[in-house]
Amino acid sequence: MIRILRGNDFFRKKTYALFQKELYSEMYKLQKQLLAFIVFVYGVLIFFIAFFDYLSGKDLGLALVLGGGEVLIAIYLWFLLKYFVPRHQSFLPWFSFLSVGQFLVLVYCQYAYLGLSNGFVILILVVVISAITVILFNVWYILFILFLLLSDTFYFFSTIPSVENSAEILQIVIENLSVFLCAFFINSNFAKVEWAEIERKSKLVVQSDHDALTGILNRRAIEQIIAEEGIKGFPCTFILLDLDNFKEVNDTLGHSAGDELLIRTTEKIRLLFRSTDFVARLGGDEFIIFMPNMKDERAVTDKAQAIVHALTETIPGTERLIEVSCSVGVVISSVVSFENLYQKADSALYESKNKGKSCYTIINETVENK
């Protein structure tokens, strides 16, 4: 059982790092469903229990008062989830765990210590609902359920006056063990299915935003990234390059050799830039490097020189050696839109071609009269 939990936890840590945005979205949806359950299902049950107790002349009791308090807490948590959590997403996993935990503790106290009518049935219902709510901190959730049920077992054991009531003790142990196993297997399987679905959806997003051959961003993705960066208003650097004599490699050695050259080119480019820079392939032998919040012309010049140097190589052809190099066009601009940046960089690239290829041209729009 622990091995299953640890195995799932290892898998989830890897998936969490890759698909954090999608995971948070799913956790947010599950929390909304849990809070809706507390208000509209649990709250209605508490209302009817209170109503029937009133008709039968019983006092409402502390258990029902706490039940009403839990509904108010759920409403408060809903407002936090709606207005606070979206601005502090890193808090969401802890918010989810605390939300589930406080609900379980309160319902357990109502059942075990305050004698709520049908308390055990409500406890089982809450355990099952919580089991299909938690998809992170699953080990802690299962241990938390185990702790509650062990506490319940020892509490009832202490209230039984004689060990002669062994049948009653055994019944309590079996009931709590059944609830625990039910919670474990429901949560384990539900979480596994949820994580697989998150991974599947995320992979579809990754595939739609990445070039199939090289694995870097495609045109659609880089346009979206540049549009988002443009809203921030910071000057950026846009580098456009293509490979000189790439067509000759394709025509002479075949498309497989051309594909291998593109993959090597991608690897070389990625080694030259920061993890915060974006590398994309538009198609064919045309690549883009987008550097957000970068206007240092000296640093950009060093990068352009490094690109030209790194992408220069000689490939043995069928009859002669093929000299592969690259031409680079760079624009540094405060007008951050894909159309503007691409147009200016394409003009700079065309100028590099006219200079004799294997060189770079930089247009700096952030410096007046440059």
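Helices (H or I, at least four residues) and strands (E, at least two) are DSSP runs, numbered from the N terminus. By that count, Gly 283 belongs to strand E2, which covers residues 278-283. The model is predicted: local features need pLDDT of at least 70, side-chain atom pairs count only at pLDDT 80 or more, and totals for chains, interfaces and linings use all residues. Residues are numbered from 1 along each chain as its sequence is written, and side-chain values use heavy atoms, with hydrogens and water left out.

**The whole chain**

The chain holds 12 helices and six strands. Its radius of gyration is 31 Å, well over the 21 Å that the globule rule gives for 370 residues, so the chain is more spread out than a compact globule. The radius is taken over C-alpha atoms, and the rule is 2.2 Å times the number of residues to the power 0.38. Along the principal axes, the C-alpha atoms fill a box of roughly 95 × 45 × 25 Å.

Of the 370 residues, 43% are buried. Buried means under 20% relative accessible area, exposed over 50%, and partly exposed in between (1.4 Å probe, protein chains only). The chain exposes about 20,000 Å², and carbon and sulfur atoms supply 62% of that area. Accessible areas come from the Shrake-Rupley method with a 1.4 Å probe; for residues, only the protein chains shown count as cover.

A contact means heavy atoms within 4.5 Å. Take the contacts between residues at least 6 apart in sequence: 73% of them join residues at least 24 apart.

**Annotated segments**

An unreviewed UniProt entry places the feature "transmembrane region" at residues 34-54, 60-79, 91-114 and 120-150. UniProt annotations may be inferred rather than shown by experiment. Here are two of these segments.

**Two residues up close**

Glu 26 lies in helix H2, residues 20-55. Is Glu 26 buried or exposed? Glu 26 is buried, with a relative accessible area of 12%. Leaving out residues up to four places away in sequence, Glu 26 touches Ile 135, Glu 194 and Ile 198.

Gly 283, in strand E2, is partly exposed, with a relative accessible area of 30%. Gly 283 and Phe 156 are 127 residues apart along the chain, and their C-alpha atoms are separated by 71 Å.
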